[in-house]
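Subject: Structure for you to look at

Hello,

Here is the structure I said I would pass on. Please open it alongside this message.

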Amino acid sequence: MRKIAATYVFPGTTSPIKNGILVCDDDGTIIEILDRGDSFREEAGVEFYSGILTPGFVNAHCHLEFSHLHNKIEKHIGFSGFLEKINQLRDEPADKEKAMQIADRKMWAAGIAAVGDVSNSDLSLSVKQKSKITYHTFVEVFGFHPTRAERAFNKAVEVFESFEKANLSASIVPHSAYSVSHELFGRVQNHAKEKGGLFSIHNQESKAETEFFLSGQGYISRHFSDNLKLETQHFIPSGKSSLQSILNYLPKENQLLLVHNTQTRREDIEALKRYRSLANTYFVLCPNSNLYIENELPSVELLLEEKLQICLGTDSLASNTELSILQEMLTIQENFPTISLEELLSWACINGAKALNLPTTLGSFEKGKKPGVNLITGIDFKTMKLTPKAKVKRLI
């Protein structure tokens, strides 16, 4: 049994406890949290740290398969430039498994307990089998042209079944509104309804995505015709935003993760509310990736005003310098300083656990859970803010 104390304990579902003591089994199972109030006296067998204790973080959106692209794509080249680079580099010769193993180990050391990982193949399967991290794999499908729907979906089913046979949690999901035909969307939707799994989609990540649905013009149209040599005549622009254009393909019964949301507007949220419950809808923010690619951030104030469920992701090493939830929190705090540390930690921990259907085991310090224990140092306790020197160390 371990007794771990710190300046503050952030349980995740209740208010922070000053000088709290976390009591847990050697395997990390939470036994109880002791509240010693304002005063703390040394007690035998208690480890004390200056900092805050938090549950393990949840990275709700990652692309482990792109780990070999670390430092291969320059910053601020815009969405169009990033798409072109990914298209050129994703299949370059590299020791992809080793890159994924290193990324996985670094995420664990950075206090990440669970990951929602987007995969286009079963390349990451063996890494996930051996990992200390809990993974849910979003098997992602592409297929803009209707003629590619059957082939793309059948390939995704093969990948999904390989994860299923390995007893690894997985579901089939569309890449984005613009890269999946109506035919392919329909197949993915039916599979989701049948299996009842998690549903995730890259949502309103760029102005180019909005332009494509409003007019059928712009970079995405040119990317399909010039770079991918695809016919685009079948695509009829809806004259509405991408999210509003595909609402009927987002199964209401399935838990939904909308990722990025940099161009999401109030009218999109209103349309979403009319279509489905927000109780099983999560908005995943990946701010460092957004800054890396387009140097733009989502309207976090709008998401807060609308009382939406927010969680955090890192995206991939192709569009981020590191896979660190703490760094994502620091970026949000720097750009949106009115957001409290307690709120940020709820996004990083319990909201992410709920989004990935893991709230009974991860995300908060509650009796019987085994969420992992992180120590964050570099806190300004007068303002209860992270400082630029903030670091995380995994204790359990």
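This is a predicted model: local features need pLDDT of at least 70, side-chain atom pairs count only at pLDDT 80 or more; totals for chains, interfaces and linings use all residues.

Helix α4

Start with α4, which covers residues 149-165 and so counts 17 residues by the DSSP assignment. From its first C-alpha to its last it reaches 24 Å, close to the 24 Å expected at 1.5 Å a residue. The buried residues of α4 are Ala149, Ala152, Phe153, Ala156, Val157, Val159, Phe160, Ser162 and Phe163. In an α-helix there are 3.6 residues a turn, so residues three or four places apart point the same way. What do the buried residues of α4 pack against? Their partners are two helices, α3 (125-130) and α5 (182-195), together with the strands β8 (134-141) and β9 (169-174). After α4 comes Asn167, which has a positive phi, near 60°.

α4 against α5

The axes of α4 and α5 are 9 Å apart, and the two helices pack at an angle of about 30°. Angles under 35 degrees count as roughly parallel, and α4 and α5 are therefore roughly parallel to each other. Their crossing is right-handed. On the α4 side the contact is made by Ala149, Glu150, Ala152, Phe153, Phe160 and Glu164; α5 contributes Glu183, Leu184, Arg187, Val188, His191 and Lys195. Sorted by class, this contact has six nonpolar, one polar and five charged residues. Ala149, Ala152, Phe153 and Phe160 of this contact are also among the buried residues of α4.

α12 against α13

The second pair is α12 (residues 325-335) and α13 (residues 341-355), whose axes come within 11 Å and cross at roughly 145°. This crossing, too, is right-handed. Ile325, Met329, Ile332 and Gln333 of α12 meet Leu344, Leu345, Trp347 and Ala348 of α13. Here the classes are seven nonpolar, one polar and no charged.

Gly352 has its place in helix α13. Is Gly352 buried or exposed? Its relative accessibility is 0%, so Gly352 counts as buried. Leaving aside neighbours within four places in sequence, Gly352 is in contact with Val58, Cys311 and Trp347. Trp347 also takes part in the contact of α13 with α12. Although Gly352 and Ala60 are 292 residues apart along the chain, their C-alpha atoms are separated by 5.8 Å.

Gly12 sits in the loop between β1 (2-9) and β2 (17-18). The relative accessibility of Gly12 is 29%, and it therefore counts as partly exposed. Apart from neighbours within four places in sequence, Gly12 is in contact with Ile350, Gly363 and Ser364. From the C-alpha atom of Gly12 to that of Asn227, 215 residues apart along the chain, the separation is 46 Å.

Regards

Technical notes
Residues are numbered from 1 along each chain as its sequence is written. Side-chain values use heavy atoms; hydrogens and water are left out. Helices (H or I, at least four residues) and strands (E, at least two) are DSSP runs, numbered from the N terminus. The expected span of a helix is 1.5 Å times one less than its number of residues. Buried means under 20% relative accessible area, exposed over 50%, partly exposed in between (1.4 Å probe, protein chains only). Contact means heavy atoms within 4.5 Å. Axes are lines fitted to C-alpha atoms, for helices over the stretch in contact, and angles run from 0 to 180 degrees between N-to-C directions. Angles under 35 degrees count as roughly parallel, over 145 as roughly antiparallel, 65 to 115 as roughly perpendicular and the rest as oblique. A crossing is left-handed if the near helix is turned anticlockwise from the far one by less than a right angle, and right-handed if clockwise. Ala, Val, Leu, Ile, Met, Phe, Trp, Tyr, Cys and Pro count as nonpolar, Asp, Glu, Lys and Arg as charged, and the others, Gly among them, as polar.
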